[in-house]
Amino acid sequence: MVRMMLNVSNVSFRYGKHKILEDIMLKIQPGEIVGLIGENGAGKSTLMKVICGLRQPDVGNIQCNCDRIGALIEEPAVYPQMTVEGNMEFFRKLYGTTRQEKEEIMKLTGLDKFPKEKAGRLSVGMKKRLGLAIALLSSDKFILLDEPTSGLDPSGTVSYTHLRAHETLRH
């Protein structure tokens, strides 16, 4: 029997009086790619925050069979005064990944071309790439991406389709 990577059962969440999530059930197997589709305000980002532990559900249970969840939810959390390389090195040390893995991720995301650029001066798309790279540093098992292609040019969008190549590099 395959052990689920993620099992969300009967999860509900409110912001004050507003029901955002109600009785959500979701199962994801290892290696599976899942997309959440819904209108703006439907609760997709909120569900991701609940899964990551950034918000606590009012009721329900979440089981994730990995040590850490990599996530890029809404805006990338980067240090604007640090360079791309500085941000990557900081998060590499924080998450305990190797320098080789960091270099592979920088190449995969195209950040290897801008290592000395300050993160605060990056375009929206390049900040998104940096956020993706940090999420990949964080976890090689389970990654949540919220609107991953918004702000990216066509070549950046195509790069996201090559995430499976990264999985092969790390295993």
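Predicted model: local features only at pLDDT ≥ 70, side-chain atom pairs only at ≥ 80, totals over all residues.
1. Residues are counted from 1 along the chain, which is the numbering used here.

2. The structure holds 7 salt bridges. In one of them the side chain of Lys102 meets that of Glu85, with a distance of 2.4 Å from N to O. This pair links distant parts of the chain, because Lys102 belongs to helix α3 (residues 99-109) while Glu85 belongs to helix α2, and the two are 17 residues apart. Lys102 counts as buried, because its relative accessibility is 3%, under the 20% limit. Glu85, in contrast, has a relative accessible area of 22% and is therefore partly exposed.

3. Lys102 also meets the side chain of Glu89 in a salt bridge, here at 2.9 Å from N to O. Again the pair links distant parts of the chain, with Lys102 in helix α3 and Glu89 in helix α2, 13 residues apart. Glu89 counts as buried, because its relative accessibility of 15% is under 20%.

4. A further partner of Lys102 is Glu103, and the closest N and O atoms of this salt bridge are 3.5 Å apart. Glu103 is partly exposed, with a relative accessible area of 41%. Through shared partners, salt bridges join Glu85, Glu89, Arg92, Arg99, Lys102 and Glu103 into one network.

5. Which elements each supply at least two residues of the lining of the second largest pocket? They are strand β4 (70-72), helix α2 (84-95) and helix α4 (124-138), and α4 gives the most, with 4 residues. The volume of this pocket is about 280 Å³. Its lining is made up of 14 residues, and those nearest its centre are Ala71, Leu72, Ala77, Tyr95 and Ile134. Sorted by class, the lining has 10 nonpolar, 3 polar and 1 charged residues.

6. The last point concerns the backbone, where most residues other than glycine have a negative phi. Asn10 is not a glycine, yet its phi is positive, at about 55 degrees. Asn10 is found in strand β1 (residues 6-15), and it is partly exposed, because its relative accessible area of 38% lies between the limits of 20% and 50%.

7. Glu74 has a positive phi as well, of about 60 degrees, although it is not a glycine. Where Asn10 is in a strand, Glu74 lies in the loop between β4 and α2. Glu74 counts as partly exposed, because its relative accessibility is 41%, between 20% and 50%.

Terms used:
Heavy atoms only, no water. 1 Å grid on protein atoms, 1.4 Å probe; cavity = no way out; pocket = protein on both sides within 12 Å on 5 of 7 lines; lining within 4 Å. Points joined across faces, edges and corners; volume = space filled by probe spheres on them. Nonpolar A, V, L, I, M, F, W, Y, C, P; charged D, E, K, R; others polar. Buried < 20%, exposed > 50% of the residue type's maximum accessible area, 1.4 Å probe, protein only. Salt bridge = Lys/Arg side-chain N within 4 Å of Asp/Glu carboxyl O.
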